[in-house]
Amino acid sequence: RVKLLCNQIVYKLVDNAMDFGKIRRLTEDTEFTASDVKAILSALDFILSNAVRNSVNAATLSNELQQLGLPKESANAIKRAYSKNADVLSKALHTKILSLPSIETGAEEIEWSVDYILSSSIMQNVNESLVRLQLNMKPSKKPTNVNMTSSQFDSFLHELKIVQAMMQDIE
């Protein structure tokens, strides 16, 4: 049963879907409550995903689980599921790393303006420039607005140049 539950976790990690009917059939003849089943699935998810992230040897995984008190049969079932699916899980988890939205880079995709603020409702004398950027994100085309003072923009530009230099060194 543990191996079949591990397979459902693998499906979840790879395809973002689980067959809850199959999970219910696997656990209906046990005395587990719905809360217990959720805890088991969460624990298996944690074990498998972190084992893949840390490139744990299958034998080491089994030994560690046994040292934590898991029965040998259950630890070996997790080990077999991990061994069989480690490459697939690694690829699936790799695609989920740092999945921040990208910024559209065309000239028409980034709008900017520089305003000079003389005063506001909060302060009488502001006398400072304000840089406004409107960035369009790639998957959704949803605009993100960024407002910075001139000193913040100078710091931002300096940091971007440093990052650009670092990226060029990597290439």
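How many salt bridges does the count come to by the rule used here? Before I answer, please keep in mind that what you see above is a predicted model. The count comes to two salt bridges, and I would like to take them one after the other.

In one of them, Lys12 pairs with Asp45, and the closest N and O atoms are 2.4 Å apart. This pair links distant parts of the chain, since Lys12 sits in helix H1 and Asp45 in helix H3, 33 residues apart.

Arg132 is partly exposed at 34%, and Asp115 counts as partly exposed at 26% relative accessibility.

Let me turn now to the largest pocket, which has a volume of about 430 Å³. Its lining is made of 25 residues, and those that lie nearest its centre are Leu44, Ile47, Leu65, Leu70 and Ile78. Helices H1, H2, H3, H4 and H5 each supply at least two residues of that lining, and the largest share, seven residues, comes from H3. If we sort the lining by class, we find 16 nonpolar, seven polar and two charged residues.

Terms used: Residues are numbered from 1 along each chain as its sequence is written. This is a predicted model: local features need pLDDT of at least 70, side-chain atom pairs count only at pLDDT 80 or more; totals for chains, interfaces and linings use all residues. Side-chain values use heavy atoms; hydrogens and water are left out. On a 1 Å grid over the protein atoms alone, a cavity is a set of points where a 1.4 Å probe fits but cannot get out, and a pocket is an open set with protein on both sides within 12 Å along at least five of seven lines; lining residues have an atom within 4 Å of a point. Grid points are joined across faces, edges and corners, and a volume is the space filled by probe spheres set on the points. Helices (H or I, at least four residues) and strands (E, at least two) are DSSP runs, numbered from the N terminus. Ala, Val, Leu, Ile, Met, Phe, Trp, Tyr, Cys and Pro count as nonpolar, Asp, Glu, Lys and Arg as charged, and the others, Gly among them, as polar. A salt bridge is a side-chain nitrogen of Lys or Arg within 4 Å of a carboxyl oxygen of Asp or Glu. Buried means under 20% relative accessible area, exposed over 50%, partly exposed in between (1.4 Å probe, protein chains only).
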